[in-house]
Amino acid sequence: MVPMQRRSLFLLFFILGVFGLQAQTATLFGTVLDSNTNEPLGYAYVTVDGYNNQTTTDAKGNYQILVPPNRELKIYYTYLGKNKLIIVQPLEPGEKKRIDVRIQTTFNTKEFQVNGRQGRETPNVVYIRPKEAKRIPGPSGNIENIIKTLPGVTGNNELSSGFNVRGGNYDENLIYVNDIEIYRPQLIRQGQQEGQSFINPDLVDNIAFSAGGFQAKYGDKMSSVLDVKYREPDSFAAGVKASLLGTRVFVENKIGPRFRYSIGSRYRSNAYLFGTLDVQGNYKPRFMDIQTYMSYDITSKLRLSFLGGIMQNQYRFVPQSQTTSFGTVTEALQLTVYFNGGELMQYTTSTNAMTLRYARSKYFTVRVIGSMITSDEREFYTDEGAYRLDELDKDLGSSTFGQAKFNRGAGYFINHARNELQVRVYTGAVKARYTKDVWDIDYGVQIRNENIHDRLNEWVYNDSVGYSVPVNQGDSLFLYSTIRSKNALNSVRYSGYVQQNWSLNKDLNMILNTGIRAQYWTLNQQTIVSPRFQFSFEPNKAWNNQDSLPDSLRKKDVLFKASFGVYNQPPFYREMRDLQGTVHTKLQAQQAIHYVVGTDFYFKMWDRAFKFTGELYYKKLNYLDPYLFENVRIRYYGTNSSQGYATGIDTRVNGEFVKGLESWFSLSVMQTKEKITYTNEDGVQVTTPYLRRPTDQRVTLGVFFQDELAKWPDYKVFLNLIVGSGMPYFLTGQYRYTDQYKIPPYRRLDIGFSKSLIDDDHRPKKKRWRMIDEAYITLDVFNILGVNNVASYLWVRDVSGRTYAVPNYLTSRRINLNLVVKI
């Protein structure tokens, strides 16, 4: 940690030492309006193409952004997925220019044009405004909460930032912050141990998500990509959020004409939430981090930026007792456990990345990126427990109704682990873009060194009804399960990509993106090649853009899209480690072939713009590494012994159901299955019929809804609803070859109630409060319906040898109070 601090301080002093050089920038400002109603479009994106410079409009549609002088610029304005391109002629240094823009948000609105050049849609991508991401109620406080409400995404643990996309698991998702791929700790077993994700909501400026069929410029994972950009401020701002669960603070500023910085810090303790769990004890979780993003314009063509952060998620727990009731009306059971021991889990991750961006001309931009990620993970626990399994009195007329009637079994267990993992990832990359005439090309190369050391020592001892499982013989002590291993891996990955956007027909906004990426890994000596294609067009665009065309003759504003691609995923550490702890270094890449077709349909309702998105997909899955879940931990087989498929349909409707507040409804239907080849107890190789994969959640509904009181708009309501059908769950690895047990449907509703204290319409009268730009309080009610959702199962036996699945319930109803102040 000390070397990282020295590097960060050196960089800071370097930037502060040179920021006094004179800058040469110009300023664009103006208002973004709806072209049909002339109403301002709040929180629309304004992006300077090729310069990684972006801002958003305020609630009144106003914006201001710094741009380089002496060159023609492409400025993209984006709202609800509709893009508008403005060509700006060269500006003088220090010049300020006003540009007001009107964006077509409905099918009956004429689109504004500049020099005949149009913006374009990006197929298979959902854009989310940071305001919605920060307002969504949820116990984790992570930005991933809002991703779980999108179509094709499932998330069945409110304490975890992990999410599954279209039949894949969370190891198959790419997450980027400012072009840096984010690392996720590998040893986490339960959601309550996980803490905060890397992404800091207070620093976010742009969120883009694709559930499949994404472009070749993104990396080698099978399912999805979440691309987050941090903000580059143009003025001073600061804020704090305090709640019963923790505190967040941030500060940002532009110092002089060249230097910008953003710093955010978070502290969180979920002990208040854990009080609703069945396992009672002394919870002492502590999750904290600090991040910074800084940039310095060395010249008008050269920019240096730095992304740094250190995060420590620590989970201390001394369990005392557990009482869990389960079963049915005809067979009501209760498990009672008394514990001794304790747990200490600690995950410390640091991220440091430097980017040097050079704009040689208005056509060509290149970025040189160097990053280092370190992670030290420790998992120490020894839990000793004695349990009894009782049948409850189910007679409603009995005086002992709901109490233990007679004992079904008793037992004793010890769970022990001393696991350590160290990960060091060093990456160097060069990425470039060239845009001129017919060329709109992105390409890049990357080299990544991975250094991994682990030491695993864990075992389980079970004693059921006085008999050790397995049975001891003589003076020997046989453990129920044991994992002991020590591994050291050092490898290099070489990768590259190239992709081109082809404008086939400007009148129809017909775009074809063709790309290919490749990777070679020295550990398994495998080379993978992944071609990818995206196509989209608007059949009625030219017709609707006719001058003086009556609204009655306008056709539907619709976009059609299709994608095809090969998505190879070389293994990382966790995929190579089998159920016994052995690391298989020759494991080959898993593969998913995506076929996606869909449509975006823009329509008008209540004189406001709405968008319907529908996608039908099929994924052919090859060379799969089978796995099973233990709570949030994924345990792989370490073999390419499976093949399968995932298919489904995703739908979403979003827009302002309440004027000025965007909401959406997502509905998905999906099925994913696989065939597993294995060697049975007789030594015969067997292939199973198609079995449900662990992420086979057939139907999911996600809703994010915002509302306000008509007469008192300062009072707002935020609703986060997630409903998902049941999923398969497996006792051990050998039972993975059959469809065995099912987790019941996941149903969770979180609601937040907000009262604005200070905003543009309510300015404080006292001088000491006038520095505050915004202040509001929020009362969140988590799991307001009090549903007992199941995360996993504990398996116990009775006197007859029958095995019972005892549910491990997630958090119940809780109330949280937040105060947010921004200056």
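Q: What does the accessible surface of the chain come to, and what share belongs to carbon and sulfur atoms?
A: Think of a 1.4 Å probe and the Shrake-Rupley method, where for residues only the protein chains shown count as cover. Here the total is about 34,200 Å², with 56% of it belonging to carbon and sulfur atoms. Keep in mind that this is a predicted model, with local features needing pLDDT of at least 70, side-chain atom pairs counting only at pLDDT 80 or more, and totals for chains, interfaces and linings using all residues. Residues are numbered from 1 along each chain as its sequence is written, and side-chain values use heavy atoms, leaving out hydrogens and water.

Q: How many helices and strands does the chain have?
A: Helices (H or I, at least four residues) and strands (E, at least two) are DSSP runs numbered from the N terminus. This chain has 7 helices and 46 strands. Along the principal axes, the C-alpha atoms fill a box of roughly 90 × 65 × 60 Å.

Q: What percentage of the residues is buried?
A: Buried is under 20% relative accessible area, exposed is over 50%, and partly exposed is in between (1.4 Å probe, protein chains only). Of the 823 residues in the chain, 57% are buried.

Q: Where are Arg 166 and Asp 607, and what is phi for Arg 166 and for Asp 607?
A: Arg 166 sits in the loop between strand E11 (164-165) and strand E12 (173-177), and has a positive phi of about 50° although it is not a glycine. Asp 607, in the loop between strand E30 (590-605) and strand E31 (608-624), also isn't a glycine and has a positive phi near 60°. As for cover, Arg 166 is buried at 4% relative accessibility, while Asp 607 is exposed at 59%.

Q: Which residues does Asn 156 touch?
A: Contact means heavy atoms within 4.5 Å. Leaving aside residues up to four places away in sequence, Asn 156 touches Gln 697, Met 727, Tyr 746 and Leu 810. Asn 156 itself lies in the loop between strand E10 (153-154) and E11.

Q: And what share of contacts in the chain joins residues at least 24 apart?
A: Counting contacts between residues at least 6 apart in sequence, 69% join residues at least 24 apart.
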